[in-house]
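Try each task before you read its solution.

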Amino acid sequence: MVIEEAKVRSNGRLAQGIYTMELTAPVIASSVQPGQFVNTLISEGWFPLLRRPMSVASRSDDRIGLIYKVVGAGTQAMASWTPGQQVNLLGPLGNGWTVDEGTFPVLVGGGVGIAPISFLHEELKDHGIEHHLLMGARDGSEHYLQHAPEENITLTTDNGTVGIKGTAIDGLKVVLNLLSSNSVTIFGCGPPPMLVALKLFVNDQGLPCQLATEEIMGCGFGICQGCSVELKTDVDHHQPSYRQRFKLACIDGPVFWAHELA
Amino acid sequence: MVDLTVTLGDKLVLQNPILTASGTFGYGDEVPELVDVNQLGGLVTKSITRHPREGHPPPRIAETSAGMLNAIGLANIGVERFCNEKLPYLAELSTAAIVSIAGSSFEEYQEVMKIIEGRQPRIMGYEINISCPNVHDGGMEFGVSTYMTEELTRHLRELTARFLIVKLSPNVTAISDIAKAAEQGGADAISAINTVVGMGVDPRTGTFQLSTGIGGLSGPAIKPIALAAVYKVAQAVTIPVIGIGGIMTVGDVVAFVRAGAHAVQIGTANFRDPGIGIRLISELGSFLEELGVSRLSEIRGSAH
Ligand SMILES: Cc1cc2nc3c(=O)[nH]c(=O)nc-3n(C[C@H](O)[C@H](O)[C@H](O)COP(=O)(O)OP(=O)(O)OC[C@H]3O[C@@H](n4cnc5c(N)ncnc54)[C@H](O)[C@@H]3O)c2cc1C
Ligand SMILES: Cc1cc2nc3c(=O)[nH]c(=O)nc-3n(C[C@H](O)[C@H](O)[C@H](O)COP(=O)(O)O)c2cc1C
Ligand code: FES
């Protein structure tokens, strides 16, 4: 983990409301793993006050890429950054995905959950590991990939304009039916409703699944105790404990096994 | 040359007046690769309770205008793990290590302190977080009652010869009375302030921004409240005051000193920039040099 003065190389619109930025950040780029994030200082002034966590969406040589959705003042400011601008990044943070050999990875991303999923997708490709990539969106305009199930890329849209009509979970059912492999691991990241639906589905089906959670963060490196994620535990809630029921998304996560989440 | 050392009463000399605030820098050992804590004037640990605490459900944090709300719920490892896992590290530090203690009854505070004292640790002192609800008194905070503040301080004073700081809550009608009560009880110093009661509501859904509804506000938004509190307390007591609340710049540090603070603690600012404390130390030297001031005592309490 370092604080690095990164430099914006490019920044632009990727799809409806979604932007992508590439930054030169040699130190972070040299060690970041898929599923990890950087905590981005938005302003030298105090608005916004806190850093904004952003998953790393790609890495090449001395660069990292982000994919972000404009939802408030911080991401709005990010969208206005221009090439050459210096940006103070803290990272890489968090645990990242763990890919076990011997199971077929199915990657499920929705909304800006595509960021950590894209990074994992590229890493798996680089390592020649066959896998399926499934992306969900409300509308075709939010997609930037082509629907190509034969190339292991499946898209879904709520309104059916592109790919399979339905949610990412509907798409996942189709993909799982087509897969010959009987041992899969699912890697998921997306907006809260999708994460909840995915968690319920995989837990119901008994499928191993790693989910990247998005909690509001104060620091991003374990000192504020702000980013609690509730886990299922056998611990009696009346017995005193620490970080058994509530883990910290920034250092214990952001990736958790779906069956562990409450 | 500017001399940044500060003497707090006759017990404690700090190499400089910049400390980290409780709950905003963990136990000090989390980010050795980012910050050399030994350069700080001191560090105050996360508040320790008798037993480990999970803290509150999410969301525990929300950003507000120039500040943040939190409802961490004193998540901490508990005094036993603290003694085993953190005291050895704190003992090795050359900077002043101050252990923050919290509890919901007199007995709990006392037990925590007894257990730590029993280890004869190499720590400089304690900071007593009195912003915790007293379970025996219907949840009323220790820090809102002069009686409870004085009694609690007295009980803890009996248990330790180490430097004893009482940390005040701003959520009271007369903070100087509480400060006097802590002084009466035997405190060596006062620190002020803890977070200001605050709340956030999502206008669309009506949901609270924190799982607990009400929480504590910190950051630049509370700096004027903190300055006024420090000023009032410094007028009311003879023991040293440590200023806390919204400190982000070297100018803020000096303003707190001028309001009467001997030293300051940096809280929320650490989340943006964990190295801020160390940066402020070097900036403070230059700032004072420009003012033609050679030690902080020359300008302490000079606000007029
Ligand atoms: C580990 C992690 C990785 C993330 N990766 C990405 C990413 O790759 N791309 C991306 O677009 N977003 C990502 N996020 C979410 C991103 O941090 C928030 O969208 C961002 O902080 C919002 O800032 P803002 O100032 O624009 O909005 P604000 O005005 O602060 O908030 C707008 C809305 O976003 C919600 N929000 C604020 N902070 C967070 C947060 N930390 N997590 C989730 N929701 C939040 C608020 O509750 C509010 O509803 C990630 C979050 C985490 C914790
Ligand atoms: C996330 C968070 C956790 C905190 N935890 C504690 C704590 O455990 N004990 C305590 O005495 N104060 C705690 N505080 C209060 C701070 O130490 C400090 O008094 C307050 O935040 C005001 O300073 P600031 O504006 O510089 O943050 C906490 C503050 C924050 C923001
Ligand atoms: S964000 Fe501060 S502990 Fe996780």
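**Exercise 1. Find the salt bridge between chain A and chain B, and describe the contact around it.**

Step 1: the side chains of B:E63 and A:R52 form a salt bridge, 2.8 Å from N to O. The rule asks for a side-chain nitrogen of Lys or Arg within 4 Å of a carboxyl oxygen of Asp or Glu, and across this interface it finds 1.

Step 2: chain A brings 34 residues to the contact and chain B brings 36, where contact means heavy atoms within 4.5 Å.

Step 3: about 3000 Å² is buried between the chains, 64% of it from carbon and sulfur atoms. Buried area is the accessible area (1.4 Å probe) lost when two parts are put together, summed over both.

This is a predicted model, with local features needing pLDDT of at least 70 and side-chain atom pairs pLDDT 80 or more, while totals for chains, interfaces and linings use all residues. Residues are numbered from 1 along each chain as written, chains are lettered from A and ligands numbered from 1 in written order, and side-chain values use heavy atoms, without hydrogens and water.

**Exercise 2. Which residues of α2(B) are buried, and what covers them?**

Step 1: helices here are DSSP runs (H or I, at least four residues), strands likewise (E, at least two), numbered from the N terminus.

Step 2: the buried residues (under 20% relative accessible area, 1.4 Å probe, protein chains only) include B:F106, B:Y109, B:V112, B:M113 and B:I116.

Step 3: their cover includes α1, β7, β8, α3 and β9 of chain B.

Terms used: Buried means under 20% relative accessible area, exposed over 50%, partly exposed in between (1.4 Å probe, protein chains only).
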